[in-house]
Amino acid sequence: MRYRLAFIAGLALGYVLGTKAGRERYEQLRSSARQVAQNPAVRNTAETAAQQGRQFAGKAYHVVSEKVGDHVPDAVAERVRSLRAHGNGSSADDWGTSNT
């Protein structure tokens, strides 16, 4: 019972403090996050990281498949193939970044 009371009190305190910040502050934070996400430098960095991640995953798959042999599940093999397909001419990957 004591833990429930503490939880409810914490929940109420969080609600009150959250509402004091209000919708305006929430919109400011949301706008700032959107500006950062739309920054060309951030987008290019995210795209580069996604491309490097796909390349690393492909290399890792080959190394693992050589050591494991035919024991790689078909679902894993299909996922790697689909990631490769996204990396070779597709305009966007699973995270919404383009491959430019």
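A polar contact is a pair of N or O atoms within 3.5 Å, and within protein one of the two must be able to donate a hydrogen and the other to accept it. The legends below concern a predicted model.

**View 1. Asn39 at the start of helix 2.** Asn39 is found in the loop between helix 1 and helix 2, and it caps the N-terminal end of helix 2. The cap is made by a side-chain oxygen of Asn39, which lies 2.9 Å from the backbone nitrogen of Ala41; because a polar contact requires N or O atoms within 3.5 Å, this distance falls inside the cut-off. With a relative accessibility of 34%, Asn39 counts as partly exposed.

**View 2. The whole chain, as a setting for the close-ups.** The chain has three helices and zero strands, and reading along the sequence gives the pattern α-α-α. Of the 100 residues in the chain, 13% are buried. The chain exposes about 8300 Å², and carbon and sulfur atoms supply 60% of that area. When contacts between residues at least 6 apart in sequence are considered, 38% of them join residues at least 24 apart.

**View 3. Helix 2 from end to end.** Helix 2 covers residues 40-68, and its 29 residues should span 42 Å at 1.5 Å a residue.

View 4. Although Arg54 and Leu83 are 29 residues apart in sequence, their C-alpha atoms are 6.6 Å apart in space.

**View 5. Gln51 and Arg84.** Gln51 also has its place in helix 2, but this residue is partly exposed, with a relative accessible area of 28%. Gln51 and Arg84 are separated by 33 residues in sequence, while the distance in space from C-alpha to C-alpha is 9.8 Å.

**View 6. The salt bridge between Glu27 and Arg30.** Side chains of opposite charge can pair when their charged atoms come close. The structure holds one salt bridge, in which the side chains of Glu27 and Arg30 meet at 3.7 Å, N to O. Both residues lie in helix 1, three residues apart, which is about one turn of the helix. Glu27 counts as partly exposed at 31% relative accessibility, and Arg30 likewise counts as partly exposed at 37%.

**View 7. A nonpolar patch that includes Ile8.** Phe7, Ile8 and Leu11 together make a nonpolar surface patch of about 350 Å². Ile8 has its place in helix 1, which covers residues 2-38.

Definitions and conventions:
Residues are numbered from 1 along each chain as its sequence is written. This is a predicted model: local features need pLDDT of at least 70, side-chain atom pairs count only at pLDDT 80 or more; totals for chains, interfaces and linings use all residues. Side-chain values use heavy atoms; hydrogens and water are left out. Helices (H or I, at least four residues) and strands (E, at least two) are DSSP runs, numbered from the N terminus. Buried means under 20% relative accessible area, exposed over 50%, partly exposed in between (1.4 Å probe, protein chains only). Contact means heavy atoms within 4.5 Å. Accessible areas come from the Shrake-Rupley method with a 1.4 Å probe; for residues, only the protein chains shown count as cover. The expected span of a helix is 1.5 Å times one less than its number of residues. Patches are made of residues with over 30% relative accessible area and no salt bridge: like charges are joined within 9 Å, nonpolar side chains (Val, Leu, Ile, Met, Phe, Trp, Tyr) within 5 Å. A salt bridge is a side-chain nitrogen of Lys or Arg within 4 Å of a carboxyl oxygen of Asp or Glu.
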